Amino acid sequence: MRAGPPESGSGPRTGSTRALLLQALVALALAALAYAAFANASEKLARQGITAGFGFLSRAAGFDISQRLIPYAAATSTYLDAFCVGLLNTLLVSGLAIGLATLIGFAVGIARLSPNWLARTLAATYVETLRNLPLLLQLLVWYVAVRVALPEAQHPAAWGGAYLSQRGLFLPRPDFFGVAWLVPLAFAAGIIAALARARRAARHVETGAETGPVAWPALAWVLGPPALAWIGLALAGHPVGIAWPSPGPYGPEGGLGVLPEFAALLLGLSTYTAAFIAEIVRAGLASVARGQGEAAAALGLGRAKALRLVTIPQAMRVIVPPLTSQYLNITKNSSLAVLIGYPDLVHVFMGTVLNQTNQAVEVVAITMAVYLTLSLGLAAMMNAYNRRAAPVSR
Amino acid sequence: MRLVSVTPLATLLGALLAASPAPAQDGTLAQVKARGHLVCGVSGGVAGFSMPDGQGRWHGLDVDFCRALAAAIFDDPERVRFIPQSSAARFTALQSGEIDVLARNTTWTLSRDTAAMNFPVITFFDGQGFLVRKSLTITTVKQLDRATICLQQGTTTELNTADWFRTRGLSYQVVTFANSEQTLGAYESGRCDAYSTDKSSLYGERLKTAHPEEHVILEEAISKEPFAPGVRQGDDAWRDLVAWTHYAMIDAEEAGISQANVAALREKTLSPDVKRILGVEGRYGRGLGLTDDWAYRIVRHVGNYGDVFARNLGEATPLKIPRGLNALWTNGGLQYGPPIR
């Protein structure tokens, strides 16, 4: 028998039929394997007295979690609540780390191409050091450093109602109860207005229409409405309450607490990933034809303006695809939180909940589904952005 | 018609029963005797309970329990093989017959007892305790209201702590870590005011800190953690032997029989209690499938419970664990041996 063009006459010997047959066999074997694994697992679970299914999610959790973005209490909350707490903690640290890593990464990447020798060398040192040390090691160093560098809990550093100690940073937290929710609402409205203005300004640039300054009015739009709402409420006799932290018998408590585990994870993730982003940015900038920068200079644009208006926009289409995978890395690497005690999804759900319920199959499946959804969603957003940023061929 | 159809069914049933693995095989004791040594599952890393030293020799309360068992059976405490077990694999190892007895600071709970094993006797009464800095000058757990507590996650410790503080209307802040090294590290660096786990482990953890004398373990315990050796279900003779090995050490201590005086006492004692324990009077060893001097062998080779405790955990050791609940009942503790008679 030889492979190649189908022989005369149809039947199982023709190439396409044989391929189909093979594919069917492989699919069948995979299905049989999956079924065997499933049957095996359910039999073993039944023998251990573990009921399969997701009913356990509504059972009382019974354990406490150090950082909660939503109301959560050991006695009344369920495993589903614990899952939500963990998920939100993952989203919080990943989201902030993505923002911070992008800022640092762009700054360092641009600095690497700077004509200034010191900036260039410092940026290169940053990239080569952080990129070449394991993230795990860096997280542990950050966590130890955060704890060692901060004052003891009983003797916190205090400024204007905020306390800093080994227990973390405790800030005054505004309480938006009663009519005071108008303040965050005004804040959101301000941001939307500022974004709308920025879009209009961008259109004006394209059409060549006259635009005023963009940055300062935007700041006024973002901060103005909430400040006005705040003052207005205070004058109307409904002052916004502020939850002040207090020194406490065992160290600062109350207010808005930023835990050392969170700070260490955020700093570790951002600075590490920023080193990779810096290289991506450098490559992106280098990919823009030299003439573009020279042309910008010839038009009288300064270096900063030339970068912002000419080079970076063209570099973005090279930068965005690899940047996406760095963002995905941050989201996935945030699960290293387990090692420094930050209660992210893996720590809370795959750690404590799995141990207490023994629902290994369900817990692992849910966790995998969450990371898959996060990663695919993030990638879809970045791809959409990339399509918009891609050059329009004329 | 009916009879005709039942007969082949009965035959089939009989065949099936015959084909199933022989249920009436020799008991564990007979297997151990035939093998010539005992196989004992231990933890392999808990100071004072089971840990090998630099020469590879095992030490600890659980280790000595297995040695006592071997001494009772073989008159030779060295005829034991110790196999370290992870906490995940320990129950399977016992059920599969890889080990004869599991002496691995395992807490006796109802679910474990009914799942597939028996706990003949409690060898050590433990409970969840708190390690705090001496400089805090606190003596009760209640004083930890509003404190930050470091815990190892995935253990009952998390649940016990939450329940205990909540039911008393107290609050605390928790920080949990995946393993004990991280938990201790966080506590020691000042991240937490207290580190909570089983009291028996806390004594060992305290030794790992840079300045053990700066930390104290609160006397109070907030949970019950009775450590018991585990045996397979369905072997009552072996279960009896494991239970009475511990009771012999308790009864010996209560009767004033120690490793130091046991040989002399056996020669010249007048006490009927001591005579019965040491096998001078009565024939109590036979019921266990042993010789009548079984308890004498245990005390001579390994010692009474007090000897074993002092050697592995007591004030003379670095751990310095007080007897507490593990004192004899005559001294206000919970260790109580049924009479040997």
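Start in chain B, where H3(B) crosses H12(B) in a right-handed manner. Keep in mind that this is a predicted model.

**Stop 1: H3 and H12, chain B**

Select residues 61-74 of chain B for helix H3, then residues 294-301 of chain B for helix H12. The two pack at an angle of about 135 degrees. Their axes are 8 Å apart.

Now show side chains. From H3(B), pick B:Arg67, B:Ala68, B:Ala71 and B:Ala72. From H12(B), pick B:Trp294, B:Arg297, B:Ile298 and B:His301. These residues make the contact. Colour by type and the contact of H3(B) with H12(B) splits into 5 nonpolar, 1 polar and 2 charged residues.

**Stop 2: the sheet in chain B**

Stay in chain B and show strands. How many strands form the open sheet, and in what order? There are 5, ordered S10-S9-S11-S8-S12. Their pairing is mixed. Select 172-177 of chain B for S10 and 215-217 of chain B for S12. These are the edge strands, each pairing on one side only. Neighbouring strands of this sheet are turned by 30 degrees against each other on average, direction ignored.

Zoom in on S8, residues 128-133 of chain B. S8(B) and S12(B) run antiparallel, joined by 3 bridges. Pick B:Leu131 and look across to S12(B): its bridge partner there is B:Ile217.

**Stop 3: helices on the sheet**

Next, select residues 199-208 of chain B, helix H8. H8(B) lies across S8, S11 and S12 of chain B. H8(B) runs at about 130 degrees to S11(B).

**Stop 4: H4 and H7, chain A**

Switch to chain A. Select residues 135-149 for helix H4 and 260-287 for helix H7. The angle between H4(A) and H7(A) is about 140 degrees, with the axes 9 Å apart. That angle makes H4(A) oblique to H7(A). Is the crossing left-handed or right-handed? H4(A) and H7(A) cross in a right-handed way.

Finish with side chains. On H4(A), the contact residues include A:Leu139, A:Trp142 and A:Tyr143. On H7(A), they include A:Ala264, A:Leu267 and A:Tyr272. The contact of H4(A) with H7(A) has 11 nonpolar, 2 polar and 2 charged residues.

Note on methods
Residues numbered from 1 in each chain as written. Chains lettered and ligands numbered in written order. Predicted model: local features only at pLDDT ≥ 70, side-chain atom pairs only at ≥ 80, totals over all residues. Pairing = 2+ DSSP bridges. Helix = DSSP H or I, 4+ residues; strand = E, 2+ residues; numbered from the N terminus. Axes fitted to C-alpha atoms, helices over the stretch in contact; angles between N-to-C directions. Contact = placed C-beta atoms within 7 Å. Parallel < 35°, antiparallel > 145°, perpendicular 65-115°, else oblique. Left-handed = near helix turned anticlockwise from the far one by under 90°. Nonpolar A, V, L, I, M, F, W, Y, C, P; charged D, E, K, R; others polar.
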